[in-house]
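Open your viewer and get ready to select a few residues. We will go stop by stop.

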There are 2 protein chains.
Amino acid sequence: MANIPQNDRSNFGAALFGLSLERGSAQPMHAQLTEALRALLTRMQGLAGLRLPASRALAEELSVSRMTVTTAYDQLIAEGYLTTRQGSGTYVADHLPHLARPAPAPARRRPPPAEPAPGGDWLPFQPGLADPALFPHRLWARHLDRAWRAPQAALLGRPDLFGWPPLRAAISAHLAAWRGLDCDPAQVIVTGGAWEAFDILGGALLPPGAALAVEDPGWATLRQAMTRAGIRPQPLRIDADGLNPGALPAGLAGAVITPSRHFPTGRAMPLARRLALLDWAERHEALIIEDDYDSEFRYQGQPLPALSGLDGLRRTLYMGSFSKLLSPALRIGYLVVPAPLIAAAHDHLAVTGARASLVPQPALASFMESGDFATHLRRMRRIYARRQAHLLRALAPVQDLLTLGPDASGMHLCLPLAGALADRSDDRAIAAAAAPAGLSPRALSSHSVLPDPPQGLLLGYAGFDEATLTQAAADFSPLLRRLATG
Amino acid sequence: MANIPQNDRSNFGAALFGLSLERGSAQPMHAQLTEALRALLTRMQGLAGLRLPASRALAEELSVSRMTVTTAYDQLIAEGYLTTRQGSGTYVADHLPHLARPAPAPARRRPPPAEPAPGGDWLPFQPGLADPALFPHRLWARHLDRAWRAPQAALLGRPDLFGWPPLRAAISAHLAAWRGLDCDPAQVIVTGGAWEAFDILGGALLPPGAALAVEDPGWATLRQAMTRAGIRPQPLRIDADGLNPGALPAGLAGAVITPSRHFPTGRAMPLARRLALLDWAERHEALIIEDDYDSEFRYQGQPLPALSGLDGLRRTLYMGSFSKLLSPALRIGYLVVPAPLIAAAHDHLAVTGARASLVPQPALASFMESGDFATHLRRMRRIYARRQAHLLRALAPVQDLLTLGPDASGMHLCLPLAGALADRSDDRAIAAAAAPAGLSPRALSSHSVLPDPPQGLLLGYAGFDEATLTQAAADFSPLLRRLATG
């Protein structure tokens with residue numbers, strides 16, 4: 001028994017270098033390599049811990065691009081066949097997923113949906129999407145199965161209005177570890193997303209008809225959710241540091257801000273401005289709602305701790321979501337409230353009932369407790385950082401038309417127009433021109449309701465593999481050139 | 001190999017009759033029997049299809065009550081170890097769940113929740129609850145695992161605003177089979193529950209500030225959800241046939257009714273009244289919203305088809321939910337709309353986004369498609385019918401104080417007060433007096449907002465096993481006697 005694995009271990013390299021991929025096949029090269037590599041890992045034994053060749057070496061051997069290899073490696077990391085060790089390469093995982101379950105159809109072979117999704121297609125550059133192909137579906141299925149095979153009776157009884165208690169505890173631990181925010185699980189309310197968070201705010205935590213300052217540019221859905229909940233959004237143009245408390249009109253009950261990473265420009269609010277805002281809130285007895293949606297994906301430097309942590313959740317509420325960190329399919333978000341507001345939120349929910357499905361909650365709780373969530377975030381951070389760098393490189397041919405520069409965090413780039421493109425076109429015209437080419441960049445100005453909005457292009461990269469980004473940039477560049485010269 | 005099963009088959013009866021249960025143990029007799037029987041089924045081989053002794057015979061052999069045996073049988077049916085064949089007894093299932101998975105902790109040993117549920121305790125007689133112990137958790141876990149182990153990519157991409165298409169198709173098929181309602185899956189909108197259904201109604205399908213008649217007595221949450229969505233509820237006292245179109249004031253945009261089983265009295269609306277209501281809607285260009293929440297649980301006679309089916313979904317919308325049929329933990333409901341309203345609902349959801357979590361949806365779809373859901377409903381129907389009959393028998397000592405009578409459907413009884421109890425007390429006083437005894441009957445009058453409400457007691461039975469109902473009735477009866485004589 002011991003010999004066969006050893007044998008496979010030494011044969012693995014030869015088998016790998018001997019793979020033949022079919023050029024010009026309908027199946028992309030990276031998908032062919034993923035499939036072949038998965039098949040080797042499934043059939044050969046005793047490979048656990050074996051180091052894979054560097055992507056450059058394997059790319060040379062197979063006469064494919066290095067990107068083909070990294071894409072295949074990333075996919076198999078996401079599926080649990082491979083792992084990485086910081087700064088030391090890619091290895092065969094200790095516990096291969098195929099040993100527990102039959103190999104699935106490759107995730108990238110997408111069956112056609114039962115009917116066209118009326119929500120629209122999912123087009124390159126569309127911002128704010130996690131890559132479905134990187135969703136850790138095997139782990140997720142395992143956590144779901146564990147949670148529901150022999151469910152705790154409390155899951156099926158009268159639900160806790162604030163959500164499944166172990167999930168609230170896991171969120172509290174996550175915020176302490178990743179966002180520098182200390183809170184008690186009793187302060188965490190699991191929601192069905194931002195709409196429910198604002199429903200609680202408007203229905204229980206703010207005076208009727210209260211007005212909240214919102215950033216402009218900003219997230220349109222947020223304004224709509226506020227209006228629906230009886231809150232009046234008051235858009236205020238941000239400056240380079242975000243919302244300026246000196247410019248806030250009187251009569252506001254508070255403000256909704258994205259201090260860690262302004263949506264959609266990506267700017268972080270400096271400490272001095274944060275302190276000024278908290279001071280403003282203190283003097284006006286106002287509430288700050290901190291919307292923190294993807295700042296776990298930070299690629300350079302230290303992440304700025306949550307503003308709510310700085311304030312100790314006294315005049316701040318913290319709004320989070322798993323839509324960008326894991327998948328919008330979960331439809332799970334949360335709201336962390338100051339302790340004195342717990343009772344009011346509870347009374348409100350006693351009438352409306354809790355909205356978030358209990359089905360994902362115990363699985364998400366154990367996913368977080370087990371460390372699988374943190375591992376997933378670190379993986380995504382690495383992959384997204386590479387995708388961002390890749391997109392910037394792929395856009396180099398139009399560096400005279402777009403102000404290219406790395407972003408320290410996030411899932412999309414916000415690029416100001418430059419040179420002839422800034423002179424002869426505008427962001428909405430560019431977005432409109434890209435649509436027929438099957439691309440979905442967003443106009444920064446479309447996120448404003450105030451006059452004279454800033455111009456720029458939002459290019460989502462996190463949701464797309466490098467091959468897709470290469471192709472999208474190749475399609476996009478001549479289009480920009482034409483608009484700049486036409 | 002063939003001999004051992006045969007051997008086990010013939011030994012099974014002796015093993016069963018030889019079980020020894022421990023009287024006075026902290027574990028109830030039925031739980032002990034469930035556990036012992038599960039252990040036998042797990043250890044012995046080749047038992048598939050074997051008929052179990054009749055509950056009366058096994059009860060005599062073990063010197064336990066027949067109820068102890070039926071409770072254990074029901075639990076193991078719910079877990080998939082046993083099955084029933086119409087009118088011919090209980091059998092060992094063809095595919096035992098333990099062959100696929102390790103035996104779970106018995107469902108009835110409930111670990112204490114992490115903290116007291118602020119939603120309140122779950123007390124006997126509380127209406128409207130499905131029994132968590134009968135939730136088909138193994139099947140559910142299997143469907144969840146299957147759906148998420150290798151998820152269709154569409155699940156993780158941009159969601160269909162109306163919900164997961166296969167679930168919408170399954171709901172459409174269910175409505176045709178169980179509710180006599182023909183609709184196209186394109187008309188089905190999966191929601192996060194009644195609040196979202198009214199949000200769509202108020203936001204997109206009704207004129208702003210529209211008024212809808214609602215039944216009095218009726219469901220308070222419904223009035224609150226309507227108000228929140230900008231709809232004005234106009235309560236109207238029902239007569240013996242439900243909402244009377246002749247008594248409806250002018251200026252209504254429509255009415256929300258529970259024709260199959262009025263909530264909370266349980267009355268069904270006769271055909272003549274249904275036709276009169278549809279005629280009223282036609283003449284006033286009004287919409288009827290049919291709220292159909294548990295009429296799958298019908299114990300006598302033919303179920304009345306949905307009103308919406310009678311109308312062909314022309315002026316009717318149909319609102320359904322899985323909260324009572326499966327579990328409120330799913331937080332999944334649906335709204336079926338007339339074809340001409342699809343576009344408006346879609347435009348609304350394009351702004352608000354879909355709210356229902358995608359996590360349960362593919363599992364629920366395959367649960368329905370596979371027939372497991374229909375099997376579950378039939379099982380629950382049988383168990384709930386027995387529980388209702390059991391509760392009525394257990395209340396016989398107070399038949400002079402409550403008007404006892406079987407209900408053809410539902411999950412709770414609505415019992416008018418009688419005799420001295422009607423003279424000397426009222427339903428709210430009774431409900432208040434029952435609370436310290438750990439019982440949660442509801443006052444019928446608490447479901448009214450109009451003056452001079454009808455009096456009665458709502459006693460939930462579906463969510464409680466027969467032992468619990470026996471004890472609850474034994475605790476409740478002297479309390480009623482005291483109120484009637486005090």
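Is B:Asp311 buried or exposed? Select B:Asp311 to find out: with a relative accessible area of 9%, B:Asp311 is buried, since buried means under 20%. Keep in mind that this is a predicted model.

The side chains of B:Arg314 and B:Asp311 form a salt bridge, 4.0 Å from N to O. Side chains of opposite charge can pair when their charged atoms come close.

Hop over to chain A and select A:Glu282, A:Asp311, A:Arg314 and A:Arg315. Salt bridges link these residues into a network. Over all chains, the structure holds 32 salt bridges.

Back in chain B, pick B:Arg179 and B:Asp292, whose side chains meet in a salt bridge of 2.6 Å, N to O. B:Arg179 sits in helix H8 and B:Asp292 in the loop between strand E7 and helix H12, 113 residues apart. B:Arg179 counts as buried at 1% relative accessibility, and B:Asp292 counts as buried at 5%.

Next, select B:Arg386 and B:Glu466, another salt bridge (3.4 Å, N to O). B:Arg386 belongs to helix H15 and B:Glu466 to helix H18, so the pair ties together parts 80 residues apart in sequence.

For the last stop, show residues 137-149 in both chains: helix H6 of chain A and helix H6 of chain B. Their axes come within 8 Å and cross at roughly 175°, which makes H6(A) roughly antiparallel to H6(B). Among the residues that meet here are A:Trp140, A:Leu144, B:Trp140 and B:Leu144.

How values were computed: Residues numbered from 1 in each chain as written. Chains lettered and ligands numbered in written order. Predicted model: local features only at pLDDT ≥ 70, side-chain atom pairs only at ≥ 80, totals over all residues. Heavy atoms only, no water. Axes fitted to C-alpha atoms, helices over the stretch in contact; angles between N-to-C directions. Helix = DSSP H or I, 4+ residues; strand = E, 2+ residues; numbered from the N terminus. Parallel < 35°, antiparallel > 145°, perpendicular 65-115°, else oblique. Contact = heavy atoms within 4.5 Å. Buried < 20%, exposed > 50% of the residue type's maximum accessible area, 1.4 Å probe, protein only.
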